[in-house]
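Please work through each task before reading its solution.

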Amino acid sequence: MSGEESRELSIIAVIIIFAAFFPLVADDYWMTIGVSAMMYIALSTSWALFSGPTHYISLATGAFYGIGGYLVGVGMSDYGLSFWLMMAVSAFLATVLAAAIGFATLRLSGVYFVIFTLGLAEMVRNLASWIQNNFLHSRGLYVLTDFDDRDLYWMLLVVAAVVYVFGWWLHRSRLGFSLRVIGNDETVARHVGINTALSKVILFMTTGFIGGIVGAILAPRYSYIEPNVVFSAQLSFIVVIMALLGGSNRLWGPIVGVIPFTLLWEFISTYFSNYTTLLIGVCFLLIVYFIPQGIVGLLEKLYARARS
């Protein structure tokens, strides 16, 4: 391990320790924002692990997240199963779905893959609504636990830390190298013997797993769950914006994008709730035209110019 790698891990360890103490000093309002930020850190970092090196833009996060939240609701409300059991089931099924989608669609590229993953959350939402109306005979599901926002925050912090450690290992692994080759030129990757389909599917499955886990953890926050609530296409767009805003080429880049965008989203949602969709569109335009490499890429470019 090089000195730079050790320094990076040390900085992240310090950040995690400080983040763990946040619930002890935050009031209820900031605790709510903290839970949202930690949720997006976990989701956007896992998104960047796949989309960063491969350059495949996935909008399937909302589907995986919805599966996690909805299955926890079904298991606890209709069958009296434990939260922890349903979290494990949710993560497993979200991973299976990601594998199925990966094998079916990751031979697509560019806009075709984006369009398919965009429609996935809507398709799964309608399927969940159909099952609920025809078999569960209820409009919504109650998820009643003893967890408060502080408990959810700490659980999400553990997930985010695991995602980061996994990403750190992945970047230095053979699989990570294969994914970077695929992102640069997939044809070349196939010619040098890389199983491009399998490599992409394996990492896409991790995004499904993390999405399912995070959705399950956040289920108690809703208390009353409906498919229209947990299966949100908007969530997928927000995750992409946060990752791109910070910079998906660096593992810690999404963290840089999550914090300011979470605060901005909270402000717009509170005082100008009719303009949240406009905010998403404006942010996409700003990222594409002005900071395509994200804030981290911009800072690195400025630093390089200052040194030259």
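**Exercise 1.** Does R150 count as buried, partly exposed or exposed, and at what relative accessibility?

*Solution.* The model is predicted, local features need pLDDT of at least 70, side-chain atom pairs count only at pLDDT 80 or more, and totals for chains, interfaces and linings use all residues. Residues are numbered from 1 along each chain as its sequence is written, and side-chain values use heavy atoms, with hydrogens and water left out.

Step 1. Recall the classes: buried means under 20% relative accessible area, exposed over 50%, and partly exposed in between, with a 1.4 Å probe and protein chains only.

Step 2. R150 has 22% relative accessibility and therefore counts as partly exposed.

**Exercise 2.** Identify the salt bridges and locate the partners in the helices.

*Solution.* Step 1. A salt bridge is a side-chain nitrogen of Lys or Arg within 4 Å of a carboxyl oxygen of Asp or Glu. The search of the whole structure finds two.

Step 1. In one of them, D28 pairs with R150, and the closest N and O atoms are 3.8 Å apart. Since D28 lies in helix α2 and R150 in helix α6 (residues 149-171), the pair ties together parts that are 122 residues apart in sequence. Helices here are DSSP runs (H or I, at least four residues), numbered from the N terminus. D28 is exposed, at 56% relative accessible area.

Step 2. R125 forms a salt bridge with E122, with the closest N and O atoms 2.4 Å apart. Both residues lie in helix α5 (residues 111-136), three residues apart, about one turn of the helix. R125 is buried at 16% relative accessible area, whereas E122 is partly exposed at 39%.

**Exercise 3.** Describe the largest cavity: what is its volume, and which element gives the most to its lining?

*Solution.* Step 1. On a 1 Å grid over the protein atoms alone, a cavity is a set of points where a 1.4 Å probe fits but cannot get out; lining residues have an atom within 4 Å of a point. A volume is the space filled by probe spheres set on the points, which are joined across faces, edges and corners.

Step 1. The largest cavity has a volume of about 70 Å³.

Step 2. Its lining includes W47, F50, F64 and T207. Two or more lining residues come from each of α2 (28-54) and α3 (61-79). With five residues, α2 gives the most.

Note on methods
1 Å grid on protein atoms, 1.4 Å probe; cavity = no way out; pocket = protein on both sides within 12 Å on 5 of 7 lines; lining within 4 Å.
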